[in-house]
Amino acid sequence: MKRLFAVVFTSLTCTSVVADEAVNIYSFRQPFLIQPILDKFTAQTGIKTNVVFSKKGLIERVKREGKHSRADLVLTSNFSSLIQLEELALTQPINSKQVASNIPAEFRDPQGDWVALTKRVRNVYSSKMRTGELKSLTYEALADAKFKGKICTRSGKHPYNLGLVASMIAHHGEAYTKTWLQGVKENLARKPQGNDRAQVKSVKEGLCDLALGNSYYFGKMLTDDKQKAWAESVHINFPNQTNRGSHLNVSGVVMTKYAKNPDNALKLIEFMTGDEAQNMYASVNMEYPVKPGVKLSPLVASWGSFKEDKLPLSEIAKYRPVALKLIDEVKFDL
Amino acid sequence: MSRWHVAAWSIGVCLSTPLAFLIFESLQGDSEVFAHLWNTVLWDYVSNTVLLIAGVLVLSCIIALPLGWLAAYCNFPGRRFFEWALMLPLAMPTYIIAYIYTDLLDYAGPIQIKLRDWFGWQSPNDYWFFDIRTLSGAAVMIALVLYPYLYLIFKTALREQSFKLIQASQLMGLSPMQSFFKVSLPMARGAVVAALALISMETMADFATVHYFAVSTLTTAVYDTWLGYYSLTAAAKISGIMLLFLFVSLALERLSRKNSVVHERQASQNDETLYQLTGKRAFLATSYCVLVLFFAFVLPVAVLLGYAFDYYEQAWNSEFFLYAWQSLKIAIWVSVAAVLLSLLVVFHQRIGTHTSKYLPGKFASTGYALPGTVLAIAVLLPLTLLDNKINEWFSETSFEPGLLLSGSIFAMIFAYVVRFYAIAHGAVEASYVRISPSLDMASQSMGKNRMQTLSLVHFPMLRRGILTAALLVFIECMKELPAALLLRPFNYETLATHVFQYVSDEQLELASISALLIVIVGLVPLYIVNRSMEQHSQ
Amino acid sequence: MSSLILEKVSYQYQQQAVISDLDLTVAHNEIVCLLGASGCGKTTTLKAIAGLIKPQSGRIAIHGQCVSNKQFFVAPQHRNIGMMFQDYALFPHLSVFQNIAFGLSKLNNSERNTRVAQMIELVRLEGLEKRFPHELSGGQQQRVAIARALAYKPNLLLLDEPFSNIDTQVRFQLINDIRSIIKDQQVSAIFVSHSKDEAFAFADKLAIMHEGKIAQLDSAKTLFQKPKTKAVAEFLGQGIYLDAQRYNGQSVTTQFGDVSSLITLSQSQTSGQIYVRPQHLELINDPQGDVEIVQQRFIGTDYVYHIKVADQQLEVPAPAEQLLDTTKPVSLKIKAHAVNFFS
């Protein structure tokens with residue numbers, strides 16, 4: 001009886017089962033960002049890749065699918081997801097000498113459960129016309145009364161802002177951070193809304209003078225015909241250069257615990273941490289590569305070098321839940 | 001215990017399993033996150049949700065009631081065109097219309113920039129301009145897309161009212177306006193409340209628009225708790241609050257129907273209209289239709305066309321037709337399934353004698369108020385469990401089925417059916433009550449069994465209702481996004497998911513052609529249904 | 001002064017004349033019935049009077065005031081007309097009380113209550129004020145409808161086939177009731193029907209409509225005795241046409257012998273056709289008779305014989321005690337009646 005079913009089901013599903021050799025990816029990043037790299041990988045190795053993109057819920061999907069999950073890799077756009085996947089024990093160690101040599105230790109999980117692929121800085125943009133460059137700006141100063149009604153940002157609950165708040169807690173403690181958050185909220189020119197590009201646009205239009213945003217958006221805007229004017233109206237500032245350095249976030253990758261195709265998946269990770277892929281991240285996506293020695297895109301390089309906040313990401317990630325609570329408590333988004 | 005009984009209850013139970021799993025999940029303890037929310041932002045979310053729903057309902061009434069009245073009772077230039085054109089905004093996804101209007105009306109948008117240029121204003125302090133990214137802005141956007149539900153249902157209800165009642169009220173000294181408020185509207189109350197219940201559920205389930213407009217509602221809370229606090233339990237609890245809203249609106253609808261159990265005769269009106277509008281009135285009527293159509297449809301489509309023209313090279317994608325075909329496929333599957341299931345359930349409701357006959361339909365409709373992603377998770381819960389069981393069962397054999405249900409297109413179809421069953425049920429039920437019960441008896445007395453009665457008598461008479469149901473579900477499927485994103489198999493791209501990856505990066509321009517395709521594909525069924533309705537009435 | 005005057009009123013719908021050059025006058029406190037086959041334009045006439053449709057030409061005046069002519073049109077809500085519809089058109093969402101009070105918005109609360117109470121008493125619906133229309137019998141619904149139409153003291157009452165949904169057993173009782181209510185309220189009324197029995201019982205005068213025109217407006221008796229056209233005569237009942245010559249002022253000659261007339265025949269017409277109705281015929285067994293009996297039917301007190309004569313068919317009643325032998329020839333005898341010549 002069961003055998004009969006087995007035969008029937010096999011015949012039914014063989015069409016839908018994805019080719020064995022292919023690497024299956026759940027991606028939090030938009031396909032148009034990663035597809036060029038995946039195409040290159042396929043061209044070089046002959047290994048196909050399949051992608052499901054969603055901004056939400058992929059972790060839950062991996063979790064629920066359990067050992068039958070077809071996903072081999074999960075690509076994330078921030079470190080919180082990496083660490084959540086690890087905490088839920090949905091990952092397996094990435095054992096590769098090549099990856100270890102490509103990526104510095106601070107951008108890998110000590111147990112090898114995740115690897116960062118790109119870095120992005122949480123910058124502060126300032127209006128060229130009204131504020132000028134702010135070389136000695138700190139994140140802390142964003143709560144100063146002098147910026148009242150001058151700051152724009154996206155939702156406080158977006159992972160990029162959450163990461164920043166978590167890092168504030170890691171450095172200064174909960175009580176300070178809450179007061180700081182209240183101060184920033186007081187200084188907002190408008191209710192948090194839009195994405196990082198929209199903030200820069202608002203600075204150009206004079207709605208606010210300062211805006212929080214990730215570095216690669218700035219680069220992307222400068223290469224877009226329509227958005228170039230927005231980006232050209234602001235300076236990009238790297239905060240906290242005089243002390244601990246600017247806050248970083250990373251995009252990264254994990255191999256799922258039940259990966260059906262770990263060998264090819266590992267090959268893809270190795271490829272993504274290698275020179276060629278890192279170069280593409282840098283030049284096409286305007287991100288900071290994690291592999292040392294990979295050349296920045298000339299545009300990104302023109303913003304100058306900067307000091308990074310060296311606090312380990314896993315340390316920051318600990319404070320993420322608290323950060324979210326504080327944001328709710330001060331009603332940052334409301 | 002008839003076959004019908006078993007079938008209806010199976011459908012009811014099947015379609016409510018996702019919700020049952022979610023409720024079970026919400027009982028798993030973890031009250032800490034919930035308590036924190038309760039103490040901080042939950043009440044803001046609740047009040048925002050209530051205000052948003054209220055706003056959308058009021059605006060929908062303002063837009064749709066006059067339009068429904070004009071289309072049903074008046075003759076004015078362009079009536080035939082507007083009668084169906086006013087349904088077009090249904091094909092427009094809310095997140096697209098929201099995006100477009102924000103782009104236009106934002107401080108940094110072209111309209112305000114032009115105004116600043118003209119008047120020499122320098123900063124936002126120099127002038128006042130309404131802020132589109134607010135609760136009221138969101139309400140306007142949602143109402144612009146959802147008003148056709150009310151328009152459609154109200155128009156049909158008015159058509160079924162006998163002209164004589166309006167004439168009687170006129171003879172007793174009421175102006176057309178007075179008789180609208182004292183006769184037409186109160187008599188259509190049941191239909192209006194039903195439509196408003198539909199609209200409020202859609203509003204409650206909306207995430208994309210409120211998120212884009214930075215309006216925190218209960219949906220936001222669900223996402224925050226689940227994705228921020230990693231607490232599916234607390235998220236499920238908040239979904240519970242939303243369900244409460246759902247049940248209240250369902251109860252209100254039922255109550256309003258109870259008070260109007262009168263079997264209104266289908267008036268044997270021909271194509272006659274009650275009021276022939278001329279001169280200033282005709283101008284006003286036509287202008288109002290033009291205005292609504294312009295803002296809800298023409299302008300957004302024009303903007304999309306503009307994007308498509310400007311960004312043609314980046315927006316063109318050779319796989320459009322594949323995406324469109326995949327969207328179409330899912331939408332067709334789901335509309336057929338939802339309509340067939342609702343037919344069975346409603347038929348059971350008709351032949352049943354016990355009051356419990358309404359329960360399967362109620363159960364099956366519960367998925368409607370759940371936001372897409374929550375529903376997707378709720379669908380994953382039972383499907384993955386079932387998949388694991390299937391794999392266990394086969395474990396002795398060498399065969400490994402893998403994720404038979406949750407990993408295939410089945411998961412998407414199932415989720416969509418759960419989400420949109422309520423629409424199909426409502427439309428089929430509404431046309432069912434108009435079939436006189438004596439027809440059933442006649443059919444049975446002539447030796448036809450229930451299946452034959454269903455197929456020979458009810459089915460042909462329900463044709464219009466079924467078509468409407470299928471159309472509404474189809475259009476919703478074309479637009480539905482979150483469930484598709486999360487549940488699709490590898491490399492399965494629909495138009496909506498393709499559009500979303502750009503919208504999520506605030507670059508709709510690059511997906512403008514796909515967005516236009518969504519609208520165009522949605523227009524086809526609208527046109528077909530309208531044609532069939534016109535033929536029917538002739 | 002007349003309550004209503006229609007002069008040369010015409011109305012076309014989709015290029016088809018529904019009523020054409022119609023004239024009608026209704027005197028004060030008079031009940032006129034528009035009687036005609038379906039499709040003859042009687043309901044359209046009613047709608048034109050009410051203002052529910054706008055005639056393309058002609059003039060309508062109510063109580064001496066013009067409400068419709070080529071340049072001028074008064075909307076229905078300003079005509080103060082009461083109308084009772086075939087299906088009563090009671091508002092299903094309003095109670096009996098609210099339905100009757102519906103047209104009384106100009107009165108204040110206590111006046112309104114008094115007026116509704118009067119009307120409820122008038123139509124004997126005490127105790128049913130709070131009921132909804134679907135909780136009433138057909139007769140009760142009808143009484144609500146008449147109360148509603150009379151409550152606001154209309155200038156004119158229009159009734160569109162008001163009795164067609166009522167059981168035959170109670171119909172004539174109701175017709176009497178409503179007639180006396182209307183007479184009691186001293187209001188002119190126009191009443192549309194296709195049943196002459198209803199019309200005779202209800203109306204003071206009957207206007208027979210034919211092809212969008214009023215063929216004849218007269219009392220029931222005059223219509224019967226002096227129908228102006230064959231259409232009118234035929235509408236009022238079956239009969240046969242027989243060729244006849246005027247013999248003198250009191251009688252005519254036909255193939256069935258001389259027939260005496262109860263009314264004086266004028267000298268202007270010496271020959272033509274007369275229309276003979278069954279009640280004026282008598283059948284007798286006669287070996288020379290040339291009438292054929294097609295069928296015989298028992299209907300209680302009488303027999304009805306279906307006969308064929310002069311290429312025309314007719315049903316003739318005959319008392320049961322005068323049973324005819326249907327196998328044998330029969331001849332006709334025409335009783336004295338009001339003879340009317342058609343040319």
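## Domains of chain C

Domain bounds, as used here, come from an automatic or database domain assignment. In this predicted model, that assignment divides chain C into domain 1, covering residues 4-233, and domain 2, covering residues 238-342. The centres of domain 1 of chain C and domain 2 of chain C, taken over C-alpha atoms, are 38 Å apart.

Where these two domains touch, domain 1 of chain C contributes five residues and domain 2 of chain C contributes six. On the side of domain 1 of chain C that touches domain 2 of chain C, two residues are nonpolar, one is polar and two are charged.

## The fold of chain A

Chain A contains 15 helices and ten strands. Its radius of gyration is 21 Å, close to the 20 Å that the globule rule gives for 334 residues, so chain A is as compact as a globular protein of that length. Along the principal axes, the C-alpha atoms of chain A fill a box of roughly 75 × 40 × 35 Å.

Of the 334 residues in chain A, 54% are buried. When contacts in chain A between residues at least 6 apart in sequence are considered, 79% of them join residues at least 24 apart.

## Annotation of chain B

An unreviewed UniProt entry places the feature "domain: ABC transmembrane type-1" at residues 46-256 and 324-529 of chain B. Over residues 324-529 of chain B, the chain is 74% helix and 0% strand. The end C-alpha atoms of that stretch of chain B lie 20 Å apart.

## Contact between chains B and A

In this pairing, 50 residues of chain B are in contact with 52 residues of chain A. Four helices of chain B each give two or more residues to the side that touches chain A: H2 (31-39), H12 (218-228), H18 (372-393) and H22 (482-487). Helix H18 of chain B gives the most to this side, with nine residues.

The side of chain B that touches chain A comprises 24 nonpolar, 18 polar and eight charged residues.

## Contact between chains C and B

Between chain C and chain B, 18 residues of chain C are in contact with 18 residues of chain B. Strand S6 of chain C, residues 81-84, gives the most to the side of chain C that touches chain B, with three residues. By residue class, this side of chain C holds eleven nonpolar, six polar and one charged.

Definitions and conventions. Residues are numbered from 1 along each chain as its sequence is written. Chains are lettered from A and ligands numbered from 1 in the order in which they are written. This is a predicted model: local features need pLDDT of at least 70, side-chain atom pairs count only at pLDDT 80 or more; totals for chains, interfaces and linings use all residues. Two residues are in contact if their C-beta atoms, placed from the backbone, lie within 7 Å. Ala, Val, Leu, Ile, Met, Phe, Trp, Tyr, Cys and Pro count as nonpolar, Asp, Glu, Lys and Arg as charged, and the others, Gly among them, as polar. UniProt positions are given in the numbering used here, feature names are shortened, and annotations may be inferred rather than shown by experiment. The radius of gyration is taken over C-alpha atoms; the globule rule is 2.2 Å times the number of residues to the power 0.38. A residue is buried if 20 or more other C-beta atoms lie within 10 Å of its own, exposed if 12 or fewer, and partly exposed in between; C-beta atoms are placed from the backbone.
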